[in-house]
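I opened the notebook to record what I looked up in this structure. The entries follow in the order I made them.

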Amino acid sequence: MSSKVPPVVLNNGVEMPQLGFGVWQVPDDEAERAVTTALEAGYRSIDTAAVYGNEAGTGRAVAASGLPREDVFVTTKLWNADHGYDAALRAYDVSLAKLGLDYVDLYLIHWPLAQRDTFVPTYKALEQLYADGRVRAIGVSNFLPEHLERLTAETSVIPAVDQIELHPRLQQHAARELHAELGITTEAWSPLGQGKGLLEVPAIVAVAQKHNRTPAQVVLRWHVQLGNIAIPKSVTPSRIRENIEVFDFSLDTEDLAAIGALNENRRLGPDPATFGT
Ligand code: NAD
């Protein structure tokens with residue numbers, strides 16, 4: 001594991017780097033280049049998904065890095081078309097084949113699709129993969145508190161992670177509280193609020209100037225101090241390197257309060273209560 005990024009210990013004892021690299025919307029070839037740059041910069045956690053279409057490029061970069069497999073934490077996600085017990089087991093094998101790996105570190109259900117009423121059997125397939133030692137940790141993404149309550153009532157393995165949209169404009173207090181209660185690690189997607197806009201907010205720019213850092217570094221540092229896992233995305237090498245340099249400074253209570261005041265409960269992405277139905 002990179003010395004730059006400290007680990008978070010998941011609820012099954014597995015260690016996951018607190019900062020990783022996301023590859024949503026990055027075409028396969030470009031993903032290979034970007035992941036290579038990220039691994040060179042010291043990232044040791046990569047977040048992909050079946051639907052991103054870049055598991056193959058991600059896997060090629062991991063293989064080409066020459067890093068021992070156990071030093072790189074790979075997350076992928078099961079797409080909506082693959083809900084259901086049998087389909088989920090097949091989807092995992094397809095993802096492994098594309099990644100060129102014989103296990104992933106974290107396998108997530110991408111969306112709950114609550115109206116389809118399929119997430120419980122789907123998760124039971126993930127539990128089976130976990131029981132068989134084929135995946136190091138299992139979890140969910142975009143699960144709202146009501147989905148987690150049902151899931152934990154009807155299945156036996158508490159998700160290690162819930163990966164949700166989370167940034168200063170959508171601070172997710174209720175979800176984070178429930179995660180803490182249940183022992184689920186909160187992982188932030190779109191941690192930079194997708195960049196433009198959020199990174200120009202005067203309060204964030206002011207904190208950045210105070211610390212002689214960039215707005216992106218300040219927002220990522222805010223996630224770190226909250227205890228979130230964050231997976232920023234960039235295809236620009238200088239930004240990829242910039243985004244991991246957040247472990248050698250700290251925000252003070254005043255900075256945290258200034259960023260805390262930016263919450264608007266505003267989503268950039270779809271609402272998990274209705275998406276995919
Ligand atoms: P993000 O918040 O990471 O923002 C990325 C954008 O911010 C970049 O495209 C770039 O425009 C800008 N940026 C990045 N670094 C910068 C820097 N240092 N300075 C200035 N601008 C910078 O948004 P994202 O890509 O939506 O989310 C990150 C990752 O989260 C994704 O790649 C994916 O892995 C994951 N994700 C998961 C879900 C889900 O449903 N589970 C949904 C969306 C994203």
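I took contact to mean heavy atoms within 4.5 Å. Helices are DSSP runs (H or I, at least four residues), numbered from the N terminus. The model is predicted, so I noted its limits: local features need pLDDT of at least 70, side-chain atom pairs count only at pLDDT 80 or more, and totals for chains, interfaces and linings use all residues. Residues are numbered from 1 along each chain as its sequence is written, and side-chain values use heavy atoms, without hydrogens and water.

Entry one: the helix pair. I found Glu-55, Ala-56, Thr-58 and Gly-59 of α2 meeting Ser-95, Lys-98 and Leu-99 of α3. Helix α2 covers residues 55-65 and helix α3 residues 85-99; they pack at about 50°, with axes 7 Å apart. Axes are lines fitted to C-alpha atoms over the stretch in contact, and angles run from 0 to 180 degrees between N-to-C directions.

Entry two: the ligand. A polar side-chain atom of Asn-243 lies 2.8 Å from a ligand nitrogen atom. For Gln-163 the distance from a polar side-chain atom to a ligand nitrogen is 2.9 Å, and for Glu-242 it is 3.0 Å.

Note on methods:
Helices (H or I, at least four residues) and strands (E, at least two) are DSSP runs, numbered from the N terminus. A polar contact is a pair of N or O atoms within 3.5 Å; within protein, one must be able to donate a hydrogen and the other to accept it, and residues adjacent in sequence count only if both atoms are side-chain atoms.
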